[in-house]
Amino acid sequence: MPMENIRQLTDEELLNRYYERGESHWLGHLLQRYTIMLLGVSMKYLKNEEAARDNVQQVFLKVIPELDKYRVNYFKSWIYQDRKSTRLNS
């Protein structure tokens, strides 16, 4: 699927494709959408770009197995709300 078409897919559509097909590239597109948001939240609390980037990577490493355990419907609110606590454990 061309990249411009992927950008038109909603978060819910990307999640559904990930869950239905088990193809990690759908999750990759979704995580890419929220990298900047997560980096901003991390910078707000950590005040250090390198530490914030490391924190975003830690979030991604925690998110992937959790998505396989739970059916997430609203990715943005789930990743923002649930992942805020990750920065406190960094």
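From the N terminus on, I read the elements of the protein as α-α-α-α-α. That gives 5 helices and 0 strands. I keep in mind that this is a predicted model.

**Overall numbers.** I looked up burial first: of the 90 residues of the protein, 36% count as buried. The accessible surface comes to about 5900 Å², and 50% of it belongs to carbon and sulfur atoms. Then I checked contacts between residues at least 6 apart in sequence, and 51% of them join residues at least 24 apart.

**Helix 2 against helix 4.** How do these two helices cross? I found that the axes of helix 2 (residues 11-21) and helix 4 (residues 49-69) come within 11 Å and cross at roughly 70 degrees. Angles of 65 to 115 degrees count as roughly perpendicular, so helix 2 and helix 4 are roughly perpendicular to each other. On the helix 2 side I noted Leu15, Tyr18 and Tyr19, which meet Ile64, Leu67 and Asp68 of helix 4. Sorted by class, this contact has 5 nonpolar, no polar and 1 charged residues.

I also listed the buried residues of helix 2: Asp11, Leu14, Leu15, Arg17, Tyr18 and Tyr19.

**Loop between helices 3 and 4.** Next I stopped at lysine 47, in the loop between helix 3 (24-46) and helix 4. Its phi is near 60 degrees, a positive value in a residue other than glycine. Is lysine 47 buried or exposed? With 65% relative accessibility, it counts as exposed, since the cut-off for exposed is over 50%.

**Aromatic pairs.** My ring search returned 3 aromatic pairs. In one of them, tyrosine 18 and tyrosine 19 have ring centres 5.7 Å apart and planes at 55 degrees, so I logged the pair as tilted. Tyrosine 18 has 9% relative accessibility and therefore counts as buried.

Phenylalanine 75 and tryptophan 78 also form a tilted pair, at 5.9 Å centre to centre with 45 degrees between the planes. What separates these two along helix 5 (residues 75-88)? Phenylalanine 75 and tryptophan 78 are 3 residues apart there, so about one helical turn lies between them. I found both buried: phenylalanine 75 has a relative accessible area of 1%, and tryptophan 78 has 17%.

Key: Residues numbered from 1 in each chain as written. Predicted model: local features only at pLDDT ≥ 70, side-chain atom pairs only at ≥ 80, totals over all residues. Heavy atoms only, no water. Axes fitted to C-alpha atoms, helices over the stretch in contact; angles between N-to-C directions. Helix = DSSP H or I, 4+ residues; strand = E, 2+ residues; numbered from the N terminus. Parallel < 35°, antiparallel > 145°, perpendicular 65-115°, else oblique. Contact = heavy atoms within 4.5 Å. Nonpolar A, V, L, I, M, F, W, Y, C, P; charged D, E, K, R; others polar. Buried < 20%, exposed > 50% of the residue type's maximum accessible area, 1.4 Å probe, protein only. Areas by Shrake-Rupley, 256 points an atom, 1.4 Å probe, with all protein chains shown as cover. Phe/Tyr/Trp six-rings, centres within 6.5 Å; stacked < 30°, edge-to-face > 60°.
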